[in-house]
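Please examine the structure shown below.

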Amino acid sequence: MIVFYNTIKYTGLLSNFVYMLLAIGVMSAAGLGLQIVEPNTPEHTYFVESLVLGATICMIVIFGCYGMVCDLLSVNIIFTCFILIVLAVEYLQVHNYQPHSRYNGAWQQLELSLAWEGLDKQPELMQKYEQQQHCCGYNNSEDYKNLHLAIPTSCYQRSLQADGSRNVKLISRGCKSTLNNHSQSGIQHRDKLFMWCIVGLEVFILVQTIALSLLLYKLRHREGQARQQVPPVLITNKRYLLCVKCMV
């Protein structure tokens, strides 16, 4: 039982470490989002809530790891309650998830800004965005000419004619104009997948914590019974000593 207990204990610590990394990722994304939104807006509130959620998860994980390392049954039970509360809240959030235009707009604007600013170092990010949104440049295709850069192939739209020939047309629409168009954006799907990953990890941690608490309770119960019981050999030795004293 001790080997099984230690296995669950160390895998639980590893799971909580991954859980904390996900929480730090949520806070990092929220911090980037705060840089591109204006204060006192719904987007600003959304990112602030994400920061609070990530910080809360980090504190809960530290509290739970303390209980695992010190083998404290009461702390593990409280940690289980915390995970249940967070799991219930996030499950409702995922189950009732409805992509909102203002949230998706903020994320899409962040994606476009990072891709355009990193054009000199990672041009493939901007090209990927152009292929997904069927656009060219930040404002239009003239942006590449102003930067003395060649227009990438992602700015051209290819179509097959009736006679079998291919027609290549330069896309004139800039990517800035797609910020309000989410029909082809996969941001909401990635966000929902990320949320499901967090919920799945929380379920795994919850099962580990419950199993760890049950094993710890059984081990403590066995230790209590062992302390109450006096070994038979010790009883025999005490009786022998009493008999010897009586004879003397």
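The account turns to the nonpolar cores and then to the disulfides.

The model is predicted. Its largest nonpolar core comprises 25 residues, and Tyr-5, Tyr-19, Phe-79 and Ile-83 have the most contacts inside it. At least two residues of this core are supplied by each of helix H1 (2-34), helix H2 (42-70), helix H3 (73-95) and helix H7 (187-228). The largest share, nine residues, comes from H7. Neighbours within four places in sequence aside, Ile-83 is in contact with Tyr-19, Ile-60, Glu-202 and Leu-206. A second, separate core has 13 residues, among them Ala-115, Trp-116, Met-126 and Ile-171.

The structure also contains two disulfides. In one, Cys-135 and Cys-175 are joined with their sulfur atoms 2.0 Å apart, and the link is right-handed, with 85° about the S-S bond. Cys-135 lies in the loop between helix H5 (123-133) and helix H6 (142-146), and Cys-175 in the loop between strand S2 (166-170) and H7, so the bond ties together parts that are 40 residues apart in sequence. Cys-135 is buried, at 0% relative accessible area, and Cys-175 is likewise buried, at 0%.

Cys-136 and Cys-155 form a disulfide with their sulfur atoms 2.2 Å apart; this link is right-handed, with 90° about the S-S bond. Cys-136 is in the loop between H5 and H6, while Cys-155 is in the loop between H6 and strand S1 (156-160), 19 residues apart. Both Cys-136 and Cys-155 are buried. With the bonded cysteines numbered in sequence order, the pairing is 1-4, 2-3.

Two further cysteines may be considered. Cys-58 is buried, with a relative accessible area of 11%, whereas Cys-70 counts as partly exposed at 37% relative accessibility.

Note on methods
Residues are numbered from 1 along each chain as its sequence is written. This is a predicted model: local features need pLDDT of at least 70, side-chain atom pairs count only at pLDDT 80 or more; totals for chains, interfaces and linings use all residues. Side-chain values use heavy atoms; hydrogens and water are left out. A nonpolar core is a set of buried Ala, Val, Leu, Ile, Met, Phe, Trp, Tyr and Cys residues joined through side-chain atoms within 4.5 Å. Buried means under 20% relative accessible area, exposed over 50%, partly exposed in between (1.4 Å probe, protein chains only). Helices (H or I, at least four residues) and strands (E, at least two) are DSSP runs, numbered from the N terminus. Contact means heavy atoms within 4.5 Å. A disulfide is a pair of cysteine sulfur atoms within 2.5 Å.
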